[in-house]
Amino acid sequence: MGCNKTYISIGYASTGVFMGLSAFLVWMIVYKQPWTAAMGGLSGVLALWTLITHIMYLKDYWRMWMKGLKFFFVIGVFFSLVAVIAFIAFLSVAINRKESLTNPQSLYLSCVWSFMALKWSFLLMLSSHRYRKELADVSILSDF
(Lines give C-alpha, C1' and ligand atoms only; values in the text may rest on other atoms or scores of the structure.)
Protein backbone atom coordinates (compact mmCIF):
# COMPACT_ATOMS: atom_id res chain seq x y z
CA MET A 1 0.00 0.00 0.00
CA GLY A 2 1.36 3.38 -0.99
CA CYS A 3 1.59 6.41 1.22
CA ASN A 4 -1.75 8.23 1.15
CA LYS A 5 -1.70 12.05 0.78
CA THR A 6 -4.01 12.35 3.77
CA TYR A 7 -1.47 10.64 6.03
CA ILE A 8 1.23 13.06 4.84
CA SER A 9 -1.13 15.96 5.55
CA ILE A 10 -1.78 14.57 9.04
CA GLY A 11 1.97 14.40 9.72
CA TYR A 12 2.47 17.93 8.42
CA ALA A 13 -0.41 19.32 10.49
CA SER A 14 0.87 17.49 13.59
CA THR A 15 4.24 19.16 13.12
CA GLY A 16 2.47 22.51 12.75
CA VAL A 17 0.60 21.98 16.02
CA PHE A 18 3.86 21.18 17.82
CA MET A 19 5.67 24.17 16.31
CA GLY A 20 2.83 26.58 17.10
CA LEU A 21 2.60 25.40 20.70
CA SER A 22 6.39 25.62 21.04
CA ALA A 23 6.43 29.15 19.64
CA PHE A 24 3.67 30.17 22.02
CA LEU A 25 5.51 28.81 25.06
CA VAL A 26 8.96 30.12 24.10
CA TRP A 27 7.87 33.64 23.26
CA MET A 28 5.52 33.87 26.21
CA ILE A 29 7.85 32.47 28.89
CA VAL A 30 11.41 33.08 27.68
CA TYR A 31 11.22 36.26 25.59
CA LYS A 32 8.08 37.78 27.17
CA GLN A 33 6.81 38.92 23.77
CA PRO A 34 3.02 38.42 23.84
CA TRP A 35 2.35 39.41 20.22
CA THR A 36 4.67 36.80 18.76
CA ALA A 37 3.36 34.26 21.26
CA ALA A 38 -0.23 35.04 20.27
CA MET A 39 0.45 34.62 16.57
CA GLY A 40 2.41 31.42 17.20
CA GLY A 41 -0.45 30.11 19.31
CA LEU A 42 -2.97 31.04 16.61
CA SER A 43 -0.84 29.22 14.06
CA GLY A 44 -0.84 26.13 16.27
CA VAL A 45 -4.61 26.26 16.78
CA LEU A 46 -5.23 26.58 13.04
CA ALA A 47 -2.87 23.65 12.44
CA LEU A 48 -4.87 21.69 15.03
CA TRP A 49 -8.13 22.46 13.19
CA THR A 50 -6.51 21.35 9.95
CA LEU A 51 -5.37 18.15 11.67
CA ILE A 52 -8.90 17.55 12.96
CA THR A 53 -10.25 18.08 9.45
CA HIS A 54 -7.94 15.39 8.04
CA ILE A 55 -8.62 12.92 10.85
CA MET A 56 -12.38 13.37 10.56
CA TYR A 57 -12.06 12.75 6.82
CA LEU A 58 -10.17 9.52 7.43
CA LYS A 59 -12.72 8.38 10.02
CA ASP A 60 -15.53 9.30 7.58
CA TYR A 61 -17.29 11.59 10.07
CA TRP A 62 -17.84 14.40 7.58
CA ARG A 63 -20.65 12.56 5.73
CA MET A 64 -22.94 13.10 8.69
CA TRP A 65 -21.89 16.71 9.26
CA MET A 66 -21.34 18.42 5.90
CA LYS A 67 -22.18 21.81 7.43
CA GLY A 68 -19.10 21.39 9.61
CA LEU A 69 -16.87 21.56 6.55
CA LYS A 70 -18.57 24.78 5.51
CA PHE A 71 -18.07 26.11 9.05
CA PHE A 72 -14.35 25.21 8.94
CA PHE A 73 -14.08 26.96 5.57
CA VAL A 74 -15.64 30.14 6.98
CA ILE A 75 -13.32 29.98 9.99
CA GLY A 76 -10.38 29.68 7.59
CA VAL A 77 -11.54 32.76 5.67
CA PHE A 78 -11.98 34.76 8.88
CA PHE A 79 -8.55 33.90 10.26
CA SER A 80 -6.94 34.55 6.87
CA LEU A 81 -8.22 38.10 7.11
CA VAL A 82 -7.03 38.35 10.72
CA ALA A 83 -3.57 37.07 9.76
CA VAL A 84 -3.20 39.48 6.82
CA ILE A 85 -4.27 42.45 8.95
CA ALA A 86 -1.90 41.38 11.74
CA PHE A 87 0.96 40.93 9.27
CA ILE A 88 0.49 44.42 7.86
CA ALA A 89 0.11 45.97 11.31
CA PHE A 90 3.19 44.26 12.78
CA LEU A 91 5.28 45.08 9.74
CA SER A 92 4.21 48.73 9.82
CA VAL A 93 4.96 49.10 13.52
CA ALA A 94 8.31 47.29 13.23
CA ILE A 95 9.39 49.50 10.35
CA ASN A 96 8.17 52.63 12.13
CA ARG A 97 10.11 51.74 15.29
CA LYS A 98 13.19 50.75 13.22
CA GLU A 99 13.47 47.43 15.04
CA SER A 100 16.34 45.03 14.46
CA LEU A 101 15.81 41.88 12.43
CA THR A 102 18.03 39.85 14.76
CA ASN A 103 16.29 40.82 18.01
CA PRO A 104 14.06 37.95 19.21
CA GLN A 105 11.67 40.48 20.78
CA SER A 106 11.12 42.47 17.59
CA LEU A 107 7.80 42.53 15.83
CA TYR A 108 9.34 41.09 12.67
CA LEU A 109 8.98 37.66 14.25
CA SER A 110 5.32 38.45 14.83
CA CYS A 111 5.12 39.01 11.07
CA VAL A 112 6.64 35.58 10.48
CA TRP A 113 4.12 33.89 12.76
CA SER A 114 1.31 35.93 11.20
CA PHE A 115 2.36 34.49 7.87
CA MET A 116 2.39 30.99 9.39
CA ALA A 117 -1.14 31.57 10.68
CA LEU A 118 -2.12 32.70 7.18
CA LYS A 119 -0.63 29.50 5.77
CA TRP A 120 -2.56 27.29 8.19
CA SER A 121 -5.81 29.15 7.65
CA PHE A 122 -5.34 28.73 3.90
CA LEU A 123 -4.66 25.01 4.34
CA LEU A 124 -7.77 24.73 6.54
CA MET A 125 -9.83 26.39 3.82
CA LEU A 126 -8.28 24.26 1.10
CA SER A 127 -8.75 20.92 2.85
CA SER A 128 -12.32 21.66 3.97
CA HIS A 129 -13.21 22.81 0.44
CA ARG A 130 -11.68 19.71 -1.16
CA TYR A 131 -13.31 17.31 1.27
CA ARG A 132 -16.69 19.03 0.94
CA LYS A 133 -16.47 18.91 -2.85
CA GLU A 134 -15.46 15.24 -2.81
CA LEU A 135 -18.16 14.22 -0.36
CA ALA A 136 -20.80 16.23 -2.24
CA ASP A 137 -19.87 14.36 -5.45
CA VAL A 138 -20.10 11.03 -3.64
CA SER A 139 -23.47 11.89 -2.08
CA ILE A 140 -24.85 12.86 -5.50
CA LEU A 141 -23.71 9.56 -6.95
CA SER A 142 -25.17 7.57 -4.07
CA ASP A 143 -28.63 9.08 -4.68
CA PHE A 144 -29.01 7.10 -7.94
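Predicted model: local features only at pLDDT ≥ 70, side-chain atom pairs only at ≥ 80, totals over all residues.
## Overall fold

The protein has four helices and zero strands. Along the sequence, the pattern reads α-α-α-α. The C-alpha trace spans about 65 × 30 × 20 Å along its principal axes.

The protein has 144 residues, and 35% of them are buried. Contacts can also be sorted by distance along the sequence. Among those with a separation of 6 or more, 74% join residues 24 or more positions apart.

## Helices H2 and H3

Two packed helices are described by the angle between their axes and the distance between the axes. Helix H2 covers residues 34-58, and helix H3 covers residues 66-97. Their axes come within 12 Å and cross at roughly 160°. An angle over 145 degrees counts as roughly antiparallel, so H2 is roughly antiparallel to H3. The crossing of H2 past H3 is left-handed.

Which residues meet where H2 and H3 touch? On the H2 side they are Trp35, Met39, Leu42, Leu46, Trp49, Ile52 and Thr53. On the H3 side they are Leu69, Phe72, Ile75, Phe79, Ala86 and Phe90. By class, this contact has twelve nonpolar residues, one polar residue and no charged ones.

## Isoleucine 52

Isoleucine 52 sits in helix H2. It is one of the H2 residues that meet H3. Is it buried, partly exposed or exposed? Its relative accessible area is 31%, so isoleucine 52 counts as partly exposed.

A pair of positions gives a sense of scale. Isoleucine 52 and alanine 89 are 37 residues apart in sequence. In space, they are 30 Å apart from C-alpha to C-alpha.

## Serine 80

Serine 80 is placed in helix H3. Its relative accessibility is 12%. Buried means under 20%, so serine 80 counts as buried.

What does serine 80 touch, leaving aside neighbours within four places in sequence? Its contacts are Leu118, Ser121, Phe122 and Met125.

## Salt bridges

Side chains of opposite charge can pair when their charged atoms come close. The model has two salt bridges.

One joins aspartate 60 and arginine 63. Their closest N and O atoms are 3.0 Å apart. Both partners are partly exposed: aspartate 60 has a relative accessible area of 35%, and arginine 63 has one of 43%.

The other joins arginine 97 and glutamate 99. Here the closest N and O atoms are 3.3 Å apart. Arginine 97 has a relative accessibility of 57%. Exposed means over 50%, so arginine 97 counts as exposed.

## Positive phi in two loops

Lysine 32 is not a glycine, yet it has a positive phi of about 50°. It lies in the loop between helix H1 (5-30) and H2. Lysine 32 is exposed, with a relative accessible area of 63%.

Aspartate 60 also has a positive phi, near 65°, and is a residue other than glycine. Where does aspartate 60 lie? It is in the loop between H2 and H3.

Conventions:
Residues numbered from 1 in each chain as written. Heavy atoms only, no water. Axes fitted to C-alpha atoms, helices over the stretch in contact; angles between N-to-C directions. Parallel < 35°, antiparallel > 145°, perpendicular 65-115°, else oblique. Left-handed = near helix turned anticlockwise from the far one by under 90°. Contact = heavy atoms within 4.5 Å. Nonpolar A, V, L, I, M, F, W, Y, C, P; charged D, E, K, R; others polar. Salt bridge = Lys/Arg side-chain N within 4 Å of Asp/Glu carboxyl O. Buried < 20%, exposed > 50% of the residue type's maximum accessible area, 1.4 Å probe, protein only.
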